[in-house]
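Subject: Structure handover

Hello,

Here is the structure I said I would pass on. Please open it first, then read my notes below.

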Amino acid sequence: MSNEMGTPSRYGLDNQGLRNLNMVYWTLPTPALIERIVSRREGVLAHEGALIVRTGHHTGRAPNDKYIVKDDETTDKVAWGKANTALAPDNFESIYLRMCAYFQGRDLFVQDTAVCAHPDYRMPIRVVTENAWHSLFARNLFLRRPPEDLVDHRPEFTILQAPGFRAIPELDGTNSDIFVILNFRRRMILIGGTSYAGEMKKSIFSVLNYLLPQRGVLPMHCSANVGMGGDVALFFGLSGTGKTTLSSTPDRQMVGDDEHGWGDDGVFNFEGGCYAKVIRLRQDLEPVIWQATHHFGTVLENVNINSLTRRVDFDDDSFTENTRAAYPIGFLPNSIPSGRAGHPQNIFFLTADAFGVLPPIARLTAAQAMYYFLSGYTSKLAGTERGLGSQPQATFSTGFGAPFLPLQPRVYADLLGEKINAHQAHVWLVNTGWTGGAYGVGERISLPYTRALVAAALNGDLADVPMHTESHFGLQVPENCPGIPSEILDARGTWADPDAYDRQAMELVGRFKENINQFAEVPAEVLSAGPR
């Protein structure tokens, strides 16, 4: 057709109900997309070639505006509640039909891509957007298909994304005019009212969290890397806890930075790119990420630049604390092209503890691992979601990713426990948050210290170190660590007022107990492994 450019699939957009369109750009390569982004004034180039874009008012996810269509497919499977809000099929159809009408006469950008690096679980997807820069984001974050496969590409899930289209709450049954709707029967995701690109990434993650456990695969909100000796490590954590930072190191190869599956033959990346938080990014502390952010083709979301020199200012938070860089994982010099690795020997649960009472590192038993996985304790950092202020907020998020887990929490916890026991993985709790006091009194734990502690665990340097049992949480804390001042390992000892530490610790213990009580049928050995 004369109004198509790129490599159209034989499985056309009419299969998604999209007709009477203007220009359709099919899976354009990066340079062609950037030309259109600049000419359409959707973004500008920074001094070394990265693309600068703005998301407008919405600079983080909208957790209260995510829905799952409740029908025969999902009724008995989904853990309905605040994280998984039900939407009636009729409301979906109303929004979908109006969205199709909205697209008529407009230019559309299509990326035919895939997710899951493992061939047994690979799922072709289609991302349809009204903006060129969102198409580049999808190209960077998902797995690119060989050019010869594009003609026969047939998506198993499709995203329709239109920031300019809004819901009508009183008509559509939504909480606001923003929406992210997952329809598992129709194999479709609708996103409207927000330009924040992370909604596309996380909606596909939610899809995989629904589908893969039913095939015996544990989906994980974690980064993964491999040491020179082939040892695999996983880093679980919510946004801002250090998944990308701690796993992106020159001495280990990167499998992926955020989303993985753990199957019968090891771990595999869901994605083909990285979505790194870059506020106050420093070249000396995070050289691998720094280098990736300066590539042509990288998308810098809400990062500020000098309007004349076009030089990037990573310290500027005038738009948001949640500044982001989206780039293909191939921009990392030590990435693993296959996106696959073996079974993990070490697993790290990262928590940014705003109470300042958890130790910098502790070894967990298998039962404790399941307890802290179900708890998913951390502090949400400013800007990662709508509604967060400037202060961190203590929170519990099952699996360190509750907003993206459609099934019952025990499904994921049981899978984790089975795999830890089967492969004898070592599990560590790492506090990347505060020490010497709570947020506002203490200080953030030094990144070089955290790196050294993680490296010691990976190298086996903590295997024979004497451990003491911490009194409030029952955690095994090392007495010493090579290259680390011993005094920082004892969280209580870093506080000027030990009694104040005890009061703060007991408050957090109470929160843990209140949170775990929401789960039905937690095994007794897991319950007893929690804080005392």
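Predicted model: local features only at pLDDT ≥ 70, side-chain atom pairs only at ≥ 80, totals over all residues.

**Overall fold**

The protein chain holds 12 helices and 32 strands.

The C-alpha trace spans about 70 × 55 × 45 Å along its principal axes. Of the 532 residues, 62% are buried. Take the contacts between residues at least 6 apart in sequence: 73% of them join residues at least 24 apart.

**Surface and charge**

The chain exposes about 19900 Å². Carbon and sulfur atoms supply 48% of that area. There are 47 positive and 58 negative side chains. The centres of these two sets lie 4 Å apart.

**Helix 11**

One element is worth a look of its own. Helix 11 covers residues 498–516, which is 19 residues. At 1.5 Å a residue it should span 27 Å, and its end C-alpha atoms are 27 Å apart, so the two values agree.

Which residues of helix 11 are buried? They are Ala500, Tyr501, Asp502, Gln504, Ala505, Leu508, Val509, Phe512, Asn515 and Ile516.

What do these buried residues pack against? Two of the partners are helices: helix 8 (366–375) and helix 12 (524–527). The others are strand 26 (377–380) and strand 27 (393–396).

Best wishes

Notes
Residues numbered from 1 in each chain as written. Heavy atoms only, no water. Helix = DSSP H or I, 4+ residues; strand = E, 2+ residues; numbered from the N terminus. Buried < 20%, exposed > 50% of the residue type's maximum accessible area, 1.4 Å probe, protein only. Contact = heavy atoms within 4.5 Å. Areas by Shrake-Rupley, 256 points an atom, 1.4 Å probe, with all protein chains shown as cover. Lys, Arg positive; Asp, Glu negative; His and termini not counted. Charge placed at Lys NZ, Arg CZ, Asp CG, Glu CD. Expected span 1.5 Å × (residues − 1).
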